[in-house]
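Good morning, colleagues. Please turn to the sequence and the structure that I am about to show.

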Amino acid sequence: MRIDAGLSKLLGLSRNAVAGLAEAGDVLVDGAPAGKSERLIAGSWLEITLPAAEQPLQVVAVPVEGMKILHQDEDIVVVDKPIGVAVHPSPGWEGPTVVGGLAAAGVRIATSGAAERQGVVHRLDAGTTGVMVVAKSEHAYTVLKRAFKERTVEKRYHAVVQGLPDPSRGTIDAPIDRHPRHDYKFAVVTGGKPSITHYETVEAFRAASLIDVKLETGRTHQIRVHFAAIKHPCVGDLTYGADPTLARRLGITRQWLHARSLSFEHPSGGQVTFESEYPEDLQHALDELRDQDG
């Protein structure tokens, strides 16, 4: 196995990070500096010098334009997350965050979890809009973390995908892990994490379909990867092979994917459901599809 691939698995680092260590001379094989593309040989002596630990990430209270609070009580706060907003701080991310926006709005959230993601019980990609819940009480954090882990939370997404999925209603059961060549992407790969997506076509157009998606698992980029794998990528998702001409025609500059609703047992008891309306850019693209078919 190549050094960048092998050490990535051994250390849990990205291949880019391992390549950086190799280029800096911080990877030695039998005492000699090794390049990222050299092969690991059984019985060799590896020495890796890791960089000093980074300072813990901090939550900065900054208002988030367009983020709405859909519901708030003693246990939870439910927000409608806009485009271009991460859930919590992470290395390399300098944009707005949900937890920073809540702090700026004076919403106190649970202190459970790592410092930069206290109260966070699930996540949405920065490029995905829609409904999400954050724990305010420690009790809610424990209950909701368990509910997401045990898959008792019903997460429904709406997506517009290219073409007409066949069958119009079905399940995609395919393991997902990091893309073997591109660290910023994920892919269906043998030996990946089990990933299950249920879908049903809501509205069909000549060029695309509006589908309702229910996630049984919650892998990073799961919906985008699964529909790209069956040759029906989300409209506008150029990272996963969408048609740029169709995206331009519909006036969309990101994947058409929206966290439509969340349904779960409230930490204090009783089933609750929260929904998010389509943001303006997704609604416009959907209207364009309807107009062009009409």
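I begin with a definition: a salt bridge is a side-chain nitrogen of Lys or Arg within 4 Å of a carboxyl oxygen of Asp or Glu. Arg-290 forms such a bridge with Asp-287, with 3.8 Å between the closest N and O atoms. Both residues lie in helix H7 (residues 280-293), 3 residues apart, about one turn of the helix. Helices (H or I, at least four residues) and strands (E, at least two) are DSSP runs, numbered from the N terminus.

The model is predicted: local features need pLDDT of at least 70, side-chain atom pairs count only at pLDDT 80 or more, and totals for chains, interfaces and linings use all residues. Residues are numbered from 1 along each chain as its sequence is written, and side-chain values use heavy atoms, with hydrogens and water left out.

How many salt bridges does a search of the whole structure find? The search finds 10. One of them joins the side chains of Lys-214 and Glu-154 at 3.6 Å, N to O. This pair links distant parts of the chain, since Lys-214 is in strand S12 and Glu-154 in strand S7 (residues 154-162), 60 residues apart. Glu-154, Arg-156, Asp-212 and Lys-214 are linked in a network of salt bridges.

Another salt bridge brings together the side chains of Arg-2 and Asp-4 (2.8 Å, N to O). For accessibility, buried means under 20% relative accessible area, exposed over 50%, and partly exposed in between (1.4 Å probe, protein chains only). Asp-4 is buried at 5%, whereas Arg-2 is partly exposed at 27%.

I turn now to His-221, in the loop between strand S12 (208-215) and helix H5 (222-229). Is His-221 buried or exposed? His-221 counts as buried because its relative accessible area is 16%. Its side chain makes a polar contact with the side chain of Tyr-240 at 2.7 Å. A polar contact is a pair of N or O atoms within 3.5 Å; within protein, one must be able to donate a hydrogen and the other to accept it, and residues adjacent in sequence count only if both atoms are side-chain atoms. Contact in general means heavy atoms within 4.5 Å. Leaving aside neighbours within four places in sequence, His-221 is in contact with Asp-125, Tyr-184, Phe-186 and Tyr-240.

Finally, the domains, whose bounds come from an automatic or database domain assignment. They are domain 1 (3-48), domain 2 (54-148) and domain 3 (151-293). The centres of domain 1 and domain 2, taken over C-alpha atoms, are 36 Å apart.
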